[in-house]
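Hi there,

Here is the structure I promised to pass on.

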Amino acid sequence: MTPSIQIIFASQSGRNRAIAGHVQAQLASRAQTVITEISQANAFDLAANDAIIVISYTFHDGDLPDEAQDFFEDLKEVDLARTKFAVLGSSSKKHIHFGRAVDYLTIQLNSSNGEQVADSVKIDQDPDDSDWARVDALTAQVLASLQV
């Protein structure tokens with residue numbers, strides 16, 4: 001059976017939208033995927049997926065994006081029933097708290113009984129070749145966790 005993976009992203013500059021598209025392309029031949037902008041994602045439906053990948057930027061000096069706030073708050077009430085997940089996102093090392101939104105989402109998904117299957121990935125600004133390699137490794141780990 002083909003696994004279902006939901007890719008949820010928050011993007012202000014377009015970087016994370018591009019990362020979401022790249023992740024979807026990496027998964028396309030081995031999983032059924034859907035990409036959802038984070039403000040449209042329903043946290044209460046996440047457990048219906050075999051895995052989720054959340055991609056978010058960090059706003060200002062360590063905040064979740066405004067459009068991610070409702071999703072994040074809803075995660076506090078969700079039981080992900082061991083749904084596999086991974087988190088990544090772009091940020092700026094110029095900020096005091098580089099990539100903190102990735103940390104917040106990772107902690108909350110773990111607290112919601114999700115199963116983290118890859119180390120979180122933080123990207124400084126636009127992805128370079130080494131960043132794309134880390135994104136591809138995260139994607140491969142998600143697939144491997146589903147035994148695809």
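Predicted model: local features only at pLDDT ≥ 70, side-chain atom pairs only at ≥ 80, totals over all residues.

Residues are numbered from 1 along each chain as its sequence is written, and side-chain values use heavy atoms, with hydrogens and water left out.

**Salt bridges**

Searching the whole structure turns up 5 salt bridges (a side-chain nitrogen of Lys or Arg within 4 Å of a carboxyl oxygen of Asp or Glu). Here are notes on some of them.

One of them joins Glu-115 to Lys-84, with 3.2 Å from N to O. This pair ties together distant parts of the chain, since Glu-115 sits in strand S5 (residues 115-116) and Lys-84 in strand S4 (residues 84-91), 31 residues apart. Helices (H or I, at least four residues) and strands (E, at least two) are DSSP runs, numbered from the N terminus. Lys-84 counts as buried at 16% relative accessibility, and Glu-115 as partly exposed at 25%. For these words, buried is under 20% relative accessible area, exposed is over 50%, and partly exposed lies in between (1.4 Å probe, protein chains only).

Another links Arg-134 and Asp-131, whose closest N and O atoms are 2.8 Å apart. Both belong to helix H4 (residues 129-145), and because they are 3 residues apart there, about one helical turn separates them. Asp-131 is buried, at 8%, whereas Arg-134 is partly exposed, at 35%.

Lys-76 and Glu-73 also form a salt bridge, again given as 3.2 Å from N to O. Here Lys-76 is partly exposed at 47%, and Glu-73 is partly exposed at 37%.

Where does Thr-83 lie? Its place is the loop between helix H2 (69-75) and S4, and Thr-83 is buried, with a relative accessible area of 4%. A polar atom of the Thr-83 side chain is 2.4 Å from the backbone oxygen of Leu-80. Neighbours within four places in sequence aside, Thr-83 is in contact (heavy atoms within 4.5 Å) with residues including Leu-46, Asp-50, Asn-113 and Glu-115.

Ile-107, in helix H3 (residues 100-111), is exposed, with a relative accessible area of 54%.

Best wishes

Technical notes. Polar contact = N/O pair within 3.5 Å; in protein donor to acceptor, adjacent residues only side chain to side chain.
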